[in-house]
Amino acid sequence: VSTQSTGDRFAAMSSLVVRMVIEKGLFTDKTARIGCVLVGVLYPVWCTLRAIAATSQSTSHLSEEEQDDAGRSATLTQHKWLTYWSAYGTFNVLELVTDRMLRWLPLYHSIKLFALLWMMSPQFEGAMLLYLRFMRPFIQSNQEKIEPWVTTAEDTVHSVVSETLEQAHSGARMAQDAWSSPVATRVKEQLKNASGFSPFCAEDIRGVRRSYRHLSPFDSMIVLDGRR
């Protein structure tokens, strides 16, 4: 029943998109692009989120047999959408590589729209067909060769992220120390004191910044404080 209702909803949505493309857009590029986003991204995202949420739903009120059926159905649904996103990601990589050729193909986005409909349709299961026919054999025959590259990339990303966070933390600590330094405290006091704020202060600051660009911010503040 669940598969049938999902198929009915998908059939209604597909009919609406196809009618919009054919009747209103007449296969125009803009309308086809909208259809690709709707069919290829938004609807699969919603179905994926719903499949993830289904695993956290309580089934304690169901019988043991019904719990097994519900768990099996949730697993199959998740597997379906994982397969779709794998096929969709592979499609995007191929599209990126062949972009210069595809942009000259007439009605390319209309063809892409119908390809996405074929990939996710419960009637055709195109994504599953692509996975079984091409993607799984490729992974099985090349996994040992590809895995070291993936591991190296993961280690590199982890290292870069860790170094970036450490540098950001160090920069924040230096900024906090500079803000609480004696020189900064005197500058803030002078700015708060209206009678002690010279009308030439802004000009002096600009002059110091032009003359001492090679100095660090702390040294520039010291020079400015000495000029006063």
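Glu-125 is partly exposed, with a relative accessible area of 29%; buried means under 20%, exposed over 50%, and partly exposed in between (1.4 Å probe, protein chains only). The structure is a predicted model, in which local features need pLDDT of at least 70 and side-chain atom pairs count only at pLDDT 80 or more, while totals for chains, interfaces and linings use all residues. Residues are numbered from 1 along each chain as its sequence is written, and side-chain values use heavy atoms, with hydrogens and water left out.

Glu-125 lies in the loop between helix 5 and helix 6 (126-179). Its phi is near 55°, a positive value in a residue other than glycine. Most residues other than glycine have a negative phi.

The protein chain contains 9 helices and 0 strands; helices (H or I, at least four residues) and strands (E, at least two) are DSSP runs, numbered from the N terminus. The order of elements from the N terminus is α-α-α-α-α-α-α-α-α. Of the 228 residues in the chain, 22% are buried. Contact means heavy atoms within 4.5 Å. Among contacts between residues at least 6 apart in sequence, 65% join residues at least 24 apart.

Helix 5 (residues 108-120) has 13 residues and spans 19 Å from its first C-alpha to its last, close to the 18 Å expected at 1.5 Å a residue; the expected span is 1.5 Å times one less than the number of residues. Buried residues in helix 5 include Tyr-108, Lys-112, Leu-113 and Leu-116.

Helix 2 packs with helix 5 at an angle of about 20°, and their axes are 8 Å apart. Axes are lines fitted to C-alpha atoms, for helices over the stretch in contact, and angles run from 0 to 180 degrees between N-to-C directions. The two helices are therefore roughly parallel to each other, a term for angles under 35 degrees. Helix 2 passes helix 5 in a left-handed crossing, that is, the near helix is turned anticlockwise from the far one by less than a right angle. Residues of helix 2 that meet helix 5 include Ala-32, Cys-36, Val-39 and Tyr-43, and among their partners in helix 5 are His-109, Leu-113 and Leu-117.

Val-37 is also in helix 2 (residues 29-55). This residue is partly exposed, at a relative accessible area of 44%. The C-alpha atoms of Val-37 and Leu-116 are separated by 9.8 Å, although the residues are 79 apart along the chain.

Glu-95 belongs to helix 3 (residues 64-97). Glu-95 counts as buried because its relative accessibility is 17%. Leaving aside neighbours within four places in sequence, Glu-95 is in contact with Leu-102, Tyr-108 and Lys-112.

Key
Angles under 35 degrees count as roughly parallel, over 145 as roughly antiparallel, 65 to 115 as roughly perpendicular and the rest as oblique.
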